[in-house]
Amino acid sequence: MDDDAPVIYGLEFQARALTAQTAETDAIRFLVGTQSLKFDNQIHIIDFDDENNMINKSVLLHDAGEIWHISGSPADKAVLTTCYSKTSENRVLTCAAVWRMPPEWESGSHESPDDSSNNPQTLELLCHLDNTAHGSVACVLWEPLGDGKRVISLAENHVLLWDLQESSTKATISSTATLEGKGQLKFTAGKWSPHHNSTQLVTANDTAIRGWDLRSMSQIYCIENAHGQLVRDLDFNPNKQYYLASCGDDCKVKFWDVRHINEPVKCLEEHSHWVWSVRYNHSHDQLLLTGSSDSRVILSNMVSISSEPFGHLVDDDDLSDNEENQQEDKYTSLSLMYLRLVQYNSIHFHHFSSAQFS
Amino acid sequence: MSSATTPPDSDPTGRRRVHSMLKLYYGLNEEGTAAEQAESLDPCDINGPHFDPEVYLNKLRKDCSLCELMDHESCMVKQIRSLDSDMQTLVYENYNKFISATDTIRKMKNDFKKMEDEMDCLSANMAAITEFSARISGTLQDQHAQITKLSGVHTLLRKLQFLFELPARLNKCLELQAYAQAVSAHRRARCVLQQYSHMPSFRGIQDDCHVIMEQLAQQLRQKFRDGGSSAKDLSECVELLLQLDEPAEELCDKFLSHAQSRLEADLQGLEFIDRGCNEFVSSLCLVIASYQELFINRPQEGELASKNIPEMANGKLHVFVDTLAARYFSLVERRIQEEKGVGDNSLLVRALDRFHRRLQAITKLLPGSAVPSHGTEIVVRAARERIKQYLSALQTFYHDSLTDVRQALAAPRLAVGGASASGELLTSLSNFILNQLKSVLASVHLFTAKDITFSNKPYFKGEFCSQGVREGLVVSFIKFICQSSRQYCESAGDRGGSTPPALLLLLSRLCLDYETSTISYILTLTDEQFLVQHHTPVTPVTALCAEAREAAQKLLNHYVKVQGLIISQMLRKSVETRDWVNTIEPRNVRAVMKRVVEDTTSIDVQVGLLYEEGVRKAHSSDSSKRTFSVYSSSRQQIRYAPSYTPSAPMDTNLLSNIHKLFSERIDIFSPVEFNKVSVLTGIIKISLKTFLECVRIRTFGRYGLQQIQVDCHYLQMYLWRFVSDENLVHFLLDEIVGSAAHRCLDPSPMEQSVIEVICERG
């Protein structure tokens, strides 16, 4: 494995949506959705072969519109949701839909890279998450660790919980919650908590972070003014159920213990412009990636508030098979394991691969 | 005849010759004659002793002629004649003397005879007296013995009388409370009574005396026990009791316990050091002095000596003094701790000085005592405490003045006059702080004044100055300023941005000033004032300066960030809330852009009051003005035209990508320098970057794009002058328009000339 060379993959179009395929546990696989107003948009499936330090890619057509958010089903690696904007009658509306990748894509992917652009296969639409009544969808969240039957969509100021039935071909709203308040409230980000039997959701609107109980669809906590400005992204610590990281336009990354919401547990101020996204590493929760429009991605090592605060930070076995013993090198190689999207010189989304250390 | 022939000048020699010859005659041999004798060995010398007339005559006869002989003969005759007369005179004189001597001798003979008679008479008388005397003494022998005996009896009687009167006298003394007299009387009689106690009458007296003395001792003890008596009375009592053979140890105890009760009464009323010094310590000293006089220093007599009292007494005294002093000290310390007000340090210092001085008296009295060193410790502690208080007072003062500044900043600005206030505020703030620091230093300096007794203690000479004042007060304060400044950076912006940006700016300048001059000034001042000798390592000036600079940098960075975010917020709201797809054709520059320019201008003014202009890149000279003027004229506009009038979205993309390749990478937030241009550049970079980001997540209609074009052109017209490198503004604005074009559904850009018209109008 050549640690020195970063792996670069170029897209024809600009892209803003990226996710690690959560159901895929064998390969390091990312899904990228492109944004183009003029041309048909695509979903790129990128496999990272860490033994050869190579990328295998496949392209699927997504002709519904430019993709703002993408999310893979935790149960079926062929199923994914996208949030895409649709322009009609001088109106731009962001819709959400559940798609299935055509079964042949994998065979197609092994052809030469040129072929994939020539003959891209089209995603199969399973169902729309109909949001005409609720406005633009900011994001769609799958139930973590679930069976791929439940998703949540955040549309304007509504939280919609959907049940997917009949092999995800039919979506019905099982419950909703609405954020009331003065002014035009709009969810900007959300995260379904993997803890508490997946009964909690956290959302961000403007500068506030709110926690929801999905059984009663009611708000359970609210961190007003969590950030000085707009909150851009959230992520749960995968191992500590009350810990939450958030980032926003005030250039800060904050860590919260949702039981004590008056003060953040910790606050990082490394970036010099908006922090667009924040992600925990799935297995090493001291590792945190933040991406900012100051053109930097920062990998932070937050041992003190991780689930293993007292050491054994880096277990040689866990990290990778063929690592050097020096920690810094490990981080370097770790940082190669995420895929980041560089668009317009800014970094918007990045994900740790869900497969990477499984 | 011969004398006639003697020449007149020969007379003296002739006389001397006579003398010498007389001397020869009388056997006198003077030394002076020796020479003459040597000369006169010649037998022809007529005056010499070996003169031989025959030889002489022969010689004359042989040598001389007749005439000469005749002359010589006559001369000789003359000489002989004169010699004869001399001889006659001498004989006569001597005869006279003999006669007078014979007369005298005869007279003496007569006198002695008379004396002999008188002596005989005297001896006769003496014999008579001796006889009489012997007879008298013989008769008086018996009576003398009797008289001696009588006078002995007399004294004995007087003594006896004293003894017999003793009880009565003692009683009387007792009544009159003349204890000292009584005791001394008793002491005199005691031995006698003891000796003769086998006789019943004396025994009676002795018993009486005993009873009375017992009574007296009782009274004395009573008096001793009574609280009211003064230390002097007390010591008198003790002295008397000691003379009465009271057990010394018990007395020591009693004395001390009594003194204790009295001193404790003092302590209870002890409110102020002043009083404590005046009353407590002086009475303590008195007690010690009298105690020592009583028990320790007194000459040891008789059996008292064997008891080794001084050692025991000394031990007791030390314990006594220590316990009392401990209580006193705890009181003093409590009192000092209550002394929280920092207004006038001189009072406290004076009080401490007095306290310390009085304790020195104890040192003199009681050399081995730990009391004075405890006292010094108290003073040292008080001084330390004081420094702490001053530090906190300074900190409070600093906070207060910051609050004032904040209020002044928040107060509605009165036109332009209000804006210039921030410069004045800075100077007044730093002056306030400096003055306060100076006055504190002056107050603290009192501790080391020459006339203060404890100032020459090693602590006050060394550690107090370096560790206490320099490190504990001055350095801590400077560090506090830096630290609190840094806190402003951390706390602000979290919850509604509590710190006004102007304050950040002002503090940043303050810290910078500290870095450049104030810190070294303050430290030099302190070192000079306190003559600090650094025995222990102290914080160097450079470290403090570095800290201040860091704080200044952090504050300025934060200022840039806060201001940038404020403008960003404005821009973000304006982009997010608009429906860019369905907007109308642009007629005006949007109000928010004007607001941005206004705000930037006011920030420029604000920063300009406190920071220097700074260096621009080449464009900032005259050429840049020219550029601007040409820029507003339509022809030269072509220079920027391509990026504003993209022919196709891909072109724009390509252009901007190429641009990116060749232009320097822009750090959105690089640390700012301490000048205006750098600050403004930072703010504008952040703002435009925000604008760019906002544009990228929107979708634009045709007119939306055109509106962005107008807005960017407007910004370009006004913002270039604030930044160090105007290409930066150009680049970011190109990016914005490019991105808008890329996000546009119907990218048909507006004519450049129209844009200019709109911008110039609005």
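Colleague: What percentage of the 358 residues in chain A is made up of buried residues?

Modeller: In this predicted model, buried residues make up 59% of the 358 residues in chain A, where buried means a relative accessible area under 20%. The secondary structure of chain A comes to four helices and 26 strands, and its accessible surface is about 14600 Å², with 43% of that belonging to carbon and sulfur atoms.

Colleague: How many of the contacts in chain A, as a percentage of those between residues at least 6 apart in sequence, join residues at least 24 apart?

Modeller: Of the contacts in chain A between residues at least 6 apart in sequence, 48% join residues at least 24 apart.

Colleague: What makes the pair Lys191(A) and Asp235(A) a salt bridge?

Modeller: The side chains of Lys191(A) and Asp235(A) come to 3.7 Å, N to O, and the cut-off is 4 Å, so the pair qualifies as a salt bridge. This pair links distant parts of the chain, with Lys191(A) in strand β14 (residues 187–192) of chain A and Asp235(A) in strand β18 of chain A, 44 residues apart. Both Lys191(A) and Asp235(A) are buried. A search of the whole structure finds 21 salt bridges over all chains.

Colleague: Why are Arg595(B) and Asp599(B) said to be separated by about one helical turn?

Modeller: They are described in this way because Arg595(B) and Asp599(B) are four residues apart in helix α20 (residues 591–610) of chain B. Their side chains meet in a salt bridge at 3.6 Å, N to O.

Colleague: Why does Arg595(B) count as partly exposed, and why does Asp599(B) count as buried?

Modeller: Arg595(B) has 43% relative accessibility, which lies between the limits of 20% and 50%, and therefore counts as partly exposed. Asp599(B), at 17%, falls under 20% and therefore counts as buried.

Colleague: How do you know that Lys676(B) forms a salt bridge with Asp604(B)?

Modeller: The closest N and O atoms of Lys676(B) and Asp604(B) are 3.4 Å apart, which is within 4 Å, so the pair meets the criterion for a salt bridge. Lys676(B) lies in helix α24 (residues 676–696) of chain B and Asp604(B) in helix α20 of chain B, so the pair ties together parts that are 72 residues apart in sequence. Lys676(B) is buried, and so is Asp604(B).

Colleague: Which residues are linked with Arg232(A) in a network of salt bridges?

Modeller: Arg232(A) is linked in that network with Asp249(A), Arg572(B) and Glu576(B).

Colleague: What is noted about the phi of Asp206(A), and why is Asp206(A) called partly exposed?

Modeller: The phi of Asp206(A) is near 50°, a positive value in a residue other than glycine. Most residues other than glycine have a negative phi. Asp206(A) is found in the loop between β15 (200–205) and β16 (208–213) of chain A, and its relative accessibility of 35% lies between 20% and 50%, so Asp206(A) counts as partly exposed.

Colleague: Where is Asn225(A) found, and why is Asn225(A) called partly exposed?

Modeller: Asn225(A) is found in the loop between β17 (218–223) and β18 (231–236) of chain A, and has a positive phi of about 50° although it is not a glycine. With a relative accessible area of 36%, between 20% and 50%, Asn225(A) is therefore partly exposed.

Colleague: What makes the surface patch formed by Glu116(B), Asp117(B), Glu118(B) and Asp120(B) negative?

Modeller: Glu116(B), Asp117(B), Glu118(B) and Asp120(B) form the patch, and because Asp and Glu count as negative, the patch is called negative. Asp117(B) lies in helix α5 (residues 66–176) of chain B.

Note on methods: Residues numbered from 1 in each chain as written. Chains lettered and ligands numbered in written order. Predicted model: local features only at pLDDT ≥ 70, side-chain atom pairs only at ≥ 80, totals over all residues. Heavy atoms only, no water. Patch = residues over 30% accessible without salt bridge, like charges linked within 9 Å, V, L, I, M, F, W, Y side chains within 5 Å. Areas by Shrake-Rupley, 256 points an atom, 1.4 Å probe, with all protein chains shown as cover. Charge placed at Lys NZ, Arg CZ, Asp CG, Glu CD. Helix = DSSP H or I, 4+ residues; strand = E, 2+ residues; numbered from the N terminus. Buried < 20%, exposed > 50% of the residue type's maximum accessible area, 1.4 Å probe, protein only. Contact = heavy atoms within 4.5 Å.
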